[in-house]
Amino acid sequence: MVKVVQYGCGPIGCSIVRLASQKADIDIVGAIDLINVGQDLGEVANIGRLGISISNDAEAVLNTIKPDIVLHATSSSLEVIYPQLEQIMQAGSNVVST
C-alpha cells in the first residue's frame with residue numbers, strides 16, 4: 001500500500017483524488033491546500049467522507065504523515081511551485097506534479 005498526500009485540492013487536485021481513491025494500492029492519508037481548510041477531502045472531491053481534513057500546514061502534514069508520494073497540483077508556474085516541491089523532497093517524499 002502506497003501512502004499518498006494530495007497537495008492542491010482545486011479542480012485538478014480533486015480529479016486526482018477521485019482517480020486515486022479507486023486504486024486498491026493507494027491509501028490517501030493527507031491533503032494540503034490554502035482553500036477548504038478543515039473540510040473533509042472526500043466531500044470537497046465529491047466522493048463522500050474520507051476522514052481526511054485538508055490542512056494549510058504543509059510542513060506539519062509532510063513531517064507527521066511521511067507519505068511515500070505527494071500528488072502535487074497547485075500551479076503551473078515553476079516560480080510558485082519550486083518552494084513547494086523543494087519542501088516535499090526535503091521531507092523525504094517522492095513527488096508527482098501535474
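Trainee: Which residues of H1 are buried, and how should I read that word?

Mentor: Buried means under 20% relative accessible area, exposed means over 50%, and partly exposed is anything in between, with a 1.4 Å probe and protein chains only. In H1, the buried residues are Gly13, Cys14, Ile16, Val17 and Ala20. Looking down the axis of H1, these buried residues fall within an arc of 155 degrees, so they line one face of the helix; the arc is taken over the directions from the helix axis to the C-beta atoms. Please keep in mind that this is a predicted model, in which local features need pLDDT of at least 70 and side-chain atom pairs count only at pLDDT 80 or more, while totals for chains, interfaces and linings use all residues. Residues are numbered from 1 along each chain as its sequence is written, and side-chain values use heavy atoms, with hydrogens and water left out.

Trainee: Which residues are exposed on the other side of H1, and what covers its buried residues?

Mentor: Pro11, Ile12 and Leu19 are exposed on the other side of H1. The cover over the buried residues is judged by contact, meaning heavy atoms within 4.5 Å, and it includes strand E1 (2-7), strand E2 (26-32), helix H2 (41-44) and strand E4 (69-72).

Trainee: Which residues are buried in helix H3?

Mentor: In H3, which spans residues 58-65, Ala58, Val61 and Leu62 are buried. Seen down the axis of H3, they fall within an arc of 90 degrees, so here too the buried residues line one face of their helix. The face turned away from that buried side carries the exposed residues Glu59 and Thr64, while the cover over the buried residues of H3 includes E1, E2, strand E3 (54-55), E4 and H4.

Trainee: What follows H3?

Mentor: H3 is followed by Lys66, which lies in the loop between H3 and E4. Asn36 is found in the loop between E2 and H2, and with a relative accessible area of 25% it is partly exposed.

Trainee: Where is Asp40, and which residues does Asp40 contact beyond its neighbours within four places in sequence?

Mentor: Asp40 is in the loop between E2 and H2, and at 5% relative accessibility Asp40 counts as buried. Leaving aside those sequence neighbours, Asp40 is in contact with Gly48, Arg49, Leu50, Gly51 and Ile52. A polar atom of the Asp40 side chain lies 2.7 Å from the backbone nitrogen of Gly51, and a polar atom of that side chain lies 3.2 Å from the backbone nitrogen of Ile52.

Trainee: Is Gly30 buried or exposed?

Mentor: Gly30, whose place is in strand E2, is buried, with a relative accessible area of 3%. Not counting residues up to four places away in sequence, Gly30 touches Val4, Val5, Gln6, Leu41, Ile52 and Ile65.

Trainee: With which residue does the side chain of Gln84 make a polar contact?

Mentor: A polar contact is a pair of N or O atoms within 3.5 Å; within protein, one must be able to donate a hydrogen and the other to accept it, and residues adjacent in sequence count only if both atoms are side-chain atoms. The side chain of Gln84 makes such a contact with the side chain of Thr74, at 2.6 Å. Gln84 lies in helix H4 (residues 78-90) and counts as buried because its relative accessibility is 18%. Not counting residues up to four places away in sequence, Gln84 touches Tyr7, His72 and Thr74.

Methods
Helices (H or I, at least four residues) and strands (E, at least two) are DSSP runs, numbered from the N terminus.
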